[in-house]
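I opened my notebook to look at one protein model, step by step. Here is what I looked up, in the order I looked.

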Amino acid sequence: MADHWIKCFIGLGSNLENPVTQVATALLELERLDQCRNLIHSSLYRSDPVGPPGQPDYINAVASLETSLQPLELLDAMQAIEQQHQRIRIQHWGPRTLDLDLLLFGDQLINNDRLTVPHPYLQERNFVLFPLAEIAPNLSIPAGKTLPEYLKSCNTGTLEQI
């Protein structure tokens, strides 16, 4: 069993094929990942789509878990879950059955061809910041501000907790 656990945060989103079920099922699958434990998650939120017009609304949540996996190993496990949900990558920011984003991995700063952490849009997305604040209200973002500071300049817009 691993002896070094790192807390990470994952954003979840879906706007196809019963999005509430997609996100709820993905939360269960994240909870069952090898070398991961102590999953907690926010409420579900409905948000307007980001990207091409004409998409259905999204259902979003944020989860936290502890892992002994390396960042790219966790990313691979998350992408395997997306594939189980028949995620197809056709259009950038297009509609999808499931999107899992590694938002934070401990206090690490990661920037390579597969992964950027903290997530590059974390600080400007209300559907990430408000669910994140629900489970980690005083979080400090590595090489950034605190979550409360980001929330001061983030409008809820049409974001709705469901």
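This is a predicted model: local features need pLDDT of at least 70, side-chain atom pairs count only at pLDDT 80 or more; totals for chains, interfaces and linings use all residues.

What covers the buried residues of α2? I found that the cover includes β1, α1, β2, β4, β5 and β6 (110-111), with contact meaning heavy atoms within 4.5 Å.

Residues are numbered from 1 along each chain as its sequence is written, and side-chain values use heavy atoms, leaving out hydrogens and water.

**Entry: helix α2**

I listed the buried residues of α2 as P71, L74, L75, A77, M78, I81 and E82. Buried means under 20% relative accessible area, exposed over 50%, and partly exposed in between, using a 1.4 Å probe and protein chains only. Helices (H or I, at least four residues) and strands (E, at least two) are DSSP runs, numbered from the N terminus. Looking down the axis of α2, I saw its buried residues fall within an arc of 160 degrees, so they line one face of the helix. The arc is taken from the directions from the helix axis to the C-beta atoms.

**Entry: the nonpolar cores**

I then turned to the largest nonpolar core, where L12, L30, L74, L100, L102 and F105 touch the most other members out of 29 residues. Such a core is a set of buried Ala, Val, Leu, Ile, Met, Phe, Trp, Tyr and Cys residues joined through side-chain atoms within 4.5 Å. α2 gives this core its largest share, 5 residues. Another core, of 19 residues, lies apart from it and has V62, L104, L132 and I135 among them.

**Entry: strand β1**

I checked β1 (residues 6-14) and found 8 of its 9 residues buried, so this strand is largely enclosed by the rest of the structure. β1 runs antiparallel to β4 (residues 58-67), and 9 bridges join them; two strands pair if DSSP finds at least two bridges between them. In this pairing I6 stands opposite T67. β1 also pairs with β5 (residues 99-105) in the antiparallel sense, over 6 bridges, and there F9 stands opposite L104.

**Entry: D57**

Last, I visited D57, in the loop between β3 (45-47) and β4. D57 counts as partly exposed, at 35% relative accessibility.
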